[in-house]
Every structure is written in C-alpha cells, then in structure tokens.
Amino acid sequence: MFAETHAAVFVGEGFQTMDGRPALAAALSCSLLCACAPERADSTNASAPVTASAVANGKAIFQTGKDIDGVAIRAQKPPLYPACAACHHADGSGGRRLPGSVTSADLRHAALVTHQKIPYTQALLERAISTGIDNMGQPLNPVMPHWTLSKRDLHDVANYVLMRLK
Ligand code: HEC
C-alpha cells in the first residue's frame, strides 16, 4: 500500500505521481486509504478495562475452541482443528507443521509485537483472526482459518493473544 500511495515524486516543478496522475488524486486516495488504516480500525476498544470474565473467555476460546458459554467457535470453512492451541500450542509458541508444508505462527509477544516492523495491535489481531490478513496487509496461509466470532469473542481472544501469551 505504501509503495503505491507514496509513489509521488517531484518532476521538474510540478508535484506528480509516477504515472503522471495529479498529486492531489494521490493525496486524496492516500487519505481515503489511511482512513481505513488498521490502527484506526478500532472495532473494539483495546484500552477499555478487560474484565476477569473477558480474560477467562479469551483463554477458553484459545485453549479449548469453546467460549465461556460453551459455544464452539466457527470459521468460514471447517477448520482443520477446532481450537487455536491445537495449531499454535497452549503457550502460543507455534512451530507446528501442518498439511501443505505450512508451520503455525509463534503468537507470543516477542514474535507479534517486539520483532515486527508494524507491531500487532488489538485491531490488527482482530483483523488477522477474522479475515486472515496479517499486520503487513498480506494474506495469511489459508490453513489459518478465517474465524467468524461474535464481537465479544473476537475481542477477548485477540486480547488474550496480545496480553497473555508471553
Ligand atoms: C488449523 C490450524 C490453525 C488454527 C486452529 C489456528 N491457527 Fe492461527 N495460524 C495458523 C497458521 C498455519 C498460521 C501461519 C500462516 C502463515 O504463515 O501464513 C497462523 C497464523 C496466525 C496469526 C498471524 C501471526 C503472524 O505472524 O502474522 C494469528 C494472529 C493467529 N494465527 C491466531 C490464531 C487464533 C487466535 C486462533 C484461534 C481462534 C488460531 N490462530 C487458530 C494455523 C492455525
């Protein structure tokens, strides 16, 4: 996205994009794109106090694939395994080899936040979990299911990953 929208260069005296479109259009499309940039896509409020039941819910979903009401989580296509921990391990360390020679990701803080150029946030995690688009805007391997969770469940499992997997 940045490569394209920021491909504005000075040509002679005028400010033009690479393909000659006026810079205004580029600036406009940038501000439009930026309006939907991940850090703004705050579907839920990450800074809201996380209650004990939200933590318990996130943990239950991650470890067992069922929320605290006992409802099994679902995905767009039937997932290969029903719980996050089955692929990512209970501690989130990942590294499990899965069919299609794909390896499950390490979901611990160092891997998702510290060592990332664009660190995962609550909103970016919610996007990855529900749509399979990663922090860089790239599609994840489809072995990672596209989960269809309620707003509460999506918030709680993303927050569990972000705050509890060390
Ligand atoms: C069937 C196995 C499987 C299950 C179940 C699964 N994942 Fe994944 N997940 C993967 C794989 C494989 C990847 C890596 C995809 C890739 O490399 O493109 C991944 C990637 C991710 C990523 C992106 C990490 C990164 O480095 O960008 C997140 C976040 C994630 N999973 C969270 C979850 C959560 C939360 C759940 C449960 C709701 C879950 N996963 C369930 C297999 C799974």
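Predicted model: local features only at pLDDT ≥ 70, side-chain atom pairs only at ≥ 80, totals over all residues.
Which residue just after H6 takes a positive phi? Gly132 does, with a phi of about 75°.

Residues are numbered from 1 along each chain as its sequence is written.

Start with the overall layout. The protein chain has seven helices and six strands. Helices (H or I, at least four residues) and strands (E, at least two) are DSSP runs, numbered from the N terminus. From that end, the order is α-β-β-α-α-β-α-β-β-α-α-β-α.

Next, burial. A residue is buried if 20 or more other C-beta atoms lie within 10 Å of its own, exposed if 12 or fewer, and partly exposed in between; C-beta atoms are placed from the backbone. Of the 166 residues in the protein chain, 25% count as buried.

Now contacts. Two residues are in contact if their C-beta atoms, placed from the backbone, lie within 7 Å. Take the contacts in the protein chain with a separation of 6 or more: 49% join residues 24 or more positions apart.

A residue is near it if its C-beta atom, placed from the backbone, lies within 6 Å. The ligand is surrounded by 26 residues, and the closest are Cys84, Cys87, Ala105, Asn141 and Met144. Helix H4 (84-88), helix H6 (122-131) and helix H7 (151-164) are the elements that give two or more residues to this shell. H4 gives the most, with four. By type, the shell has 21 nonpolar residues, four polar and one charged. Here Ala, Val, Leu, Ile, Met, Phe, Trp, Tyr, Cys and Pro count as nonpolar, Asp, Glu, Lys and Arg as charged, and the others, Gly among them, as polar.

Back to H6. How many of its ten residues are buried? Seven are, and H6 is mostly covered. Among them are Leu124, Leu125 and Ile129. The buried residues of H6 pack against strand S6 (147-148) and H7.

That brings us to the core. A nonpolar core is a set of buried Ala, Val, Leu, Ile, Met, Phe, Trp, Tyr and Cys residues joined through C-beta atoms within 7 Å. The largest one has 23 residues, and Phe62, Leu125, Ile129, Val157, Ala158 and Val161 touch the most other members. Helix H3 (52-64), H4, H6 and H7 each supply at least two residues. H7 has the largest share, six residues. Look at Val161. Beyond its neighbours within four places in sequence, Val161 is in contact with Phe62, Gly92, Leu107 and Leu125.

How do H3 and H7 cross? Their axes come within 8 Å, at roughly 85°. So H3 is roughly perpendicular to H7, a label for angles of 65 to 115 degrees. Axes are lines fitted to C-alpha atoms, for helices over the stretch in contact, and angles run from 0 to 180 degrees between N-to-C directions. Residues that meet here include Ile61 and Phe62 in H3, and Val157 and Tyr160 in H7. This contact has seven nonpolar residues, three polar and three charged.

Last, two loop residues. His89 has a positive phi of about 70°, although it is not a glycine. His89 sits in the loop between H4 and strand S4 (97-98). His89 is partly exposed, with 17 other C-beta atoms within 10 Å. Ser101, also not a glycine, has a positive phi near 40°. Ser101 lies in the loop between S4 and strand S5 (102-103). Ser101 is exposed, with 8 other C-beta atoms within 10 Å.

Definitions and conventions
Parallel < 35°, antiparallel > 145°, perpendicular 65-115°, else oblique.
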